[in-house]
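Colleague: I have a few questions about this protein. Could you walk me through them?

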Amino acid sequence: MLIAGLSGHICDNCISQAYKIVNEEAGASNNKQVQQALTLLKPTAIKEHLDEYIIGQDDAKKVLSVAVYNHFKRIANAPNSKDEIEIEKSNVILVGETGTGKTLLARTIAKLLNVPFCIADATVFTEAGYVGEDVESIITRLLQAADYDVAAAERGIVFIDEIDKISRKGDNPSLTRDIKEGTQQALLKLLEDSIANVPPQGGRKHPDAKMIQVNTKNILFICGGAFDGIEKKIAQRLNTQAVGYSASVNTEEIDKANLLQYVSPQDLKSFGLIPELIGRLPVLTYLKPLDKATLRQILTEPKNALIKQYKHLFKADGVKLEFDEEALELIVDKAIEFRLGARGLRGICEAIMIDAMFEIPGNEKASKTLRITYDYALEKLKGARLSRLHVA
């Protein structure tokens, strides 16, 4: 069969062969990128990159570095026949207080990787029939990050934030319908191995809309959540359970200031995640609460440190910004007082410097040096409505 063109004709056999050649070339290109990533991105190299931007959290960094490296290895060593060993996917769940760096870890890895990456917020998802977004819209975002290259999206990485916000009210199944439990069940097949039919532009599915099929078998899912109050579940388990997980933990040696290091799948179930979802997130790790010394380092040391950002902002207006050591200590003390972690540092800095950032631009008589002293910072914080400082 000949198909007419503007200046010639082409037969159906030539079209089929050309289609196969294009697919083979695309597959070879993808495999080459994966092999290059395996050569460059060893777990130690990934962690070293994370260390440049994130202070502390060594346990979480190691777990994520290994998970990402194994993700590349799994794709590169896909079995060619049914007789070969198939490496199963190991999705990750991060547990940590707000402001400890869960989302920052994901964003930093995104800059390093050469695979499609997206961040989704679990709070907007609901099961079919309720107001909200379908869980398949996660894959739509990944497709958009891959410029609608399905093959590239099928080897991408997804970070699902606020996974704890879709936990049911308790670990006991209720006779009444629980919308949040339904959302967890909708995520099950997506996290494991399924063909997701996703609308190209996102939103709810429509019977007449065209769908794109994406296989989630090789997509790595990383979930994160604050799980506020899970320490009580951990403490209760460690104090009452005489066998099993807690048997290996000497109650006299328990670090009560950081109970999250003892978190187990049982605690996630008690918090309200269904066992089926926990089973699809086999790698569990935690992020330590930030102490004063760590917050002080976060303020000034990373490549993208907050103080460096403000100095860069003022430099654009021709002003040199300086901070006294006592002023930095005050910022850290206030962040600890508000219990907002590293995220609270920005709100406090904004409260201190909002007047300067308002008055200096366009003011030719303004001093070319702005020094933030303890007294200056304390005065600005007293004048600010600190009750408004909250997690954005």
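Modeller: Let's start in the core. Keep in mind that this is a predicted model. Leaving aside neighbours within four places in sequence, Ile160 is in contact with Ala120, Ala122, Ile138, Leu187, Leu191, Phe221, Ile222, Cys223 and Gly224.

Colleague: Which residues touch the most other members of the largest nonpolar core?

Modeller: That core has 45 residues. Ile160 belongs to it, and one of its contacts is Leu187. The residues that touch the most other members are Ile160, Leu187 and Phe227.

Colleague: Which residue in β8 stands opposite Val92?

Modeller: Strand β8 covers residues 220–225. It runs parallel to β3, and four bridges join the two. Opposite Val92 stands Ile222.

Colleague: And in β9, what is the bridge partner of Leu94?

Modeller: Strand β9 spans residues 283–286. Four bridges join β3 to β9, and these strands run parallel. The partner of Leu94 is Thr285.

Colleague: Is Tyr148 buried, partly exposed or exposed?

Modeller: Tyr148 sits in the loop between α5 and α6. Its phi is near 60°, a positive value in a residue other than glycine. Its relative accessible area is 37%. Buried needs under 20% and exposed needs over 50%, so Tyr148 is partly exposed.

Colleague: What is the phi of Glu162 near?

Modeller: Glu162 lies in the loop between β5 and α7. At 26% relative accessibility, Glu162 counts as partly exposed. Its phi is positive, in a residue other than glycine. The value is near 55°.

Colleague: Now the whole protein. What share of its residues count as buried?

Modeller: The secondary structure comes to 15 helices and eleven strands. The protein has 392 residues. The buried share is 42%.

Definitions and conventions:
Residues numbered from 1 in each chain as written. Predicted model: local features only at pLDDT ≥ 70, side-chain atom pairs only at ≥ 80, totals over all residues. Heavy atoms only, no water. Pairing = 2+ DSSP bridges. Buried < 20%, exposed > 50% of the residue type's maximum accessible area, 1.4 Å probe, protein only. Core = buried A, V, L, I, M, F, W, Y, C linked by side-chain atoms within 4.5 Å. Contact = heavy atoms within 4.5 Å.
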